[in-house]
Amino acid sequence: MTRPVRVAIVGAGPAGIYAADALLKSEVAQDPGVSIDLFERMPAPFGLIRYGVAPDHPRIKGIVKALHQVLDKPQIRLFGNVDYPNDIGLDDLRSFYDAVIFSTGADADRALDIPGIDLEGSYGAADFVAWYDGHPEVPRTWPLNAEKVAVLGVGNVALDVARILAKTADELLPTEIPDNVYQGLKANKALEVHVFGRRGPAQAKFSPMELRELDHSPNIEVIVNPEDIDYDQGSIDTRRANKQANMVASTLENWAIRDVGDRPHKLFLHFFESPVEVLGEMGEVVALRTERTELDGTGNVRGTGTFTDWDVQSVYRAVGYYSEELSKLPFDVGSGTVPHEAGRVISGGEHMASVYVTGWIKRGPIGLIGHTKGDANETVACLLEDRAAGRLPAPEHPAPDAVVAFLEGRGVRYTTREGWHRLDAHEQALGAARGRERIKVVEREAMLDASGAPAPAGGTPAGS
Ligand SMILES: Cc1cc2nc3c(=O)[nH]c(=O)nc-3n(C[C@H](O)[C@H](O)[C@H](O)COP(=O)(O)OP(=O)(O)OC[C@H]3O[C@@H](n4cnc5c(N)ncnc54)[C@H](O)[C@@H]3O)c2cc1C
């Protein structure tokens, strides 16, 4: 083959961009060369970095800079506002590319099956996160009338949600939050946020740094009940084996023994409380019922039969993200991932020729942005191995213009890398006008307009 290897990557989040980077750093990038098209359903790239990471986490910006450098490589094209499969399907992709990598991540809430979870005032963390991060597909307003709020889960997303609920809107104003989010948070009535974990301090999934950050707000008093500090042999083993878990447990211990200060918003971290029911009146949340648990010696817990009703008016479940099933690909409902072997998609026990996965759709919704780099390297290594072994069927239409003609023929209003640069500059200019680094544009149409995405000349509208 003398032409460059053509690879489609569906999903321009960190995993997809790291996969592009791995391809560009591989030997085939030199000979015969690679040409990569990234298809992204949002008008802007970066996935959960834009629509998941909390706005008060500016240290992520360094990662964004590195991902930008990859995106700017001449061998890469970005087709934003293009949805798989509505705008382009698997057979289409296979007809244009030697290989297709799916890196579609996860953006929904994993279900929590307890009575009352669907009451008014009970929310999934993913929806709330999408709201405060200015995702176009969620309503512009969010009801923040509750004075006492419960957050279920003891991972970093639970911390993000609890922190955003407990901070004041003005603390978040210097960040890139959109105007509607600032206005919404200004009306937030929350004075107490209660975070609940089924297990103990040694089993919490917080990152040490994220946990310590909670205490940096001048408005948030973090409170841990000394009775919630408990360890069994399993917990002691975990602390010995896992430095991060040990640091988290030490921080929690320190907070449990200090005096409670007078910062206006109280954020309670409760352990050994298993949520069993959201209680409602007239269809609305009025309390959360938990069952006290105790350690069983192995680091797991069992119920004690003692129940507590917590006076809260809203409940956020942060019990994990869940991926969307992808058309024409196998899907494991339990893990919410595409079955694979080292990134090769496996269907009916066979590798689906030329189809690969990486990132959260491959591994499940666990781990930080940096972890998706290792995923991508593994997947790309398999792809290159398959190419070397002659296992990639040749596409029918490998010319780079063919897919452009296809999208235009279908009437897809797609954005490009240059368009993203325009939107990026526009958001920065909006921020600069008000002394902020950036203000996000929320509406999809406004994003497309700021990107300069030309309205399609005609053709069959996509999805028809
Ligand atoms: C609330 C939250 C906060 C987080 N905070 C941090 C943090 O502070 N630091 C950190 O390191 N990590 C953080 N993470 C983890 C980090 O976001 C993930 O590790 C990472 O984003 C996973 O990358 P991904 O590319 O697999 O998925 P994603 O980031 O989800 O990217 C997937 C991309 O695919 C696109 N897509 C999906 N379906 C389709 C389709 N059908 N067609 C076309 N495109 C599609 C999506 O729009 C998206 O752009 C956080 C995660 C969450 C949920």
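Leaving aside neighbours within four places in sequence, Pro400 is in contact with Arg6 and Arg77, where contact means heavy atoms within 4.5 Å. The model is a predicted one, in which local features need pLDDT of at least 70 and side-chain atom pairs count only at pLDDT 80 or more, whereas totals for chains, interfaces and linings use all residues. Residues are numbered from 1 along each chain as its sequence is written, and side-chain values use heavy atoms, with hydrogens and water left out.

Pro400 is found in helix H14; helices (H or I, at least four residues) and strands (E, at least two) are DSSP runs, numbered from the N terminus. At 38% relative accessibility, Pro400 counts as partly exposed, a class that lies between buried (under 20% relative accessible area) and exposed (over 50%), with a 1.4 Å probe and protein chains only. Pro400 and Ser35 are 365 residues apart in sequence, yet their C-alpha atoms are 8.4 Å apart in space.

Within H14 (residues 400-409), the buried residues are Val403, Val404, Phe406 and Leu407. They lie on the same side of H14 because they cover an arc of only 160° around the axis, the arc being that of the directions from the helix axis to the C-beta atoms. These buried residues of H14 pack against strand S1 (5-10), S2, strand S3 (76-80) and helix H4 (90-96). H14 is followed by Gly411, whose phi is positive, near 75°.

Ser103 is placed in the loop between strand S4 (99-102) and strand S5 (108-109), and at 6% relative accessibility Ser103 counts as buried. The side chain of Ser103 reaches the backbone oxygen of Gly11 at 2.8 Å. Beyond its neighbours within four places in sequence, Ser103 has contacts that include Ile9, Val10, Ala15, Thr358 and Ile361.

The ligand is surrounded by 33 residues, of which the closest are Ala15, Glu40, Leu48, Tyr84 and Trp360; a residue is counted here if one of its heavy atoms lies within 4 Å of the ligand. This shell divides into 17 nonpolar, eleven polar and five charged residues.

| Residue (backbone atom) | Ligand atom | Distance |
|---|---|---|
| Leu48 | oxygen | 2.8 Å |
| Tyr84 | nitrogen | 2.8 Å |
| Leu368 | oxygen | 3.4 Å |

The protein covers 94% of the 1000 Å² of accessible area that the ligand has on its own, as computed by the Shrake-Rupley method with a 1.4 Å probe.

Technical notes. A polar contact is a pair of N or O atoms within 3.5 Å; within protein, one must be able to donate a hydrogen and the other to accept it, and residues adjacent in sequence count only if both atoms are side-chain atoms. Ala, Val, Leu, Ile, Met, Phe, Trp, Tyr, Cys and Pro count as nonpolar, Asp, Glu, Lys and Arg as charged, and the others, Gly among them, as polar.
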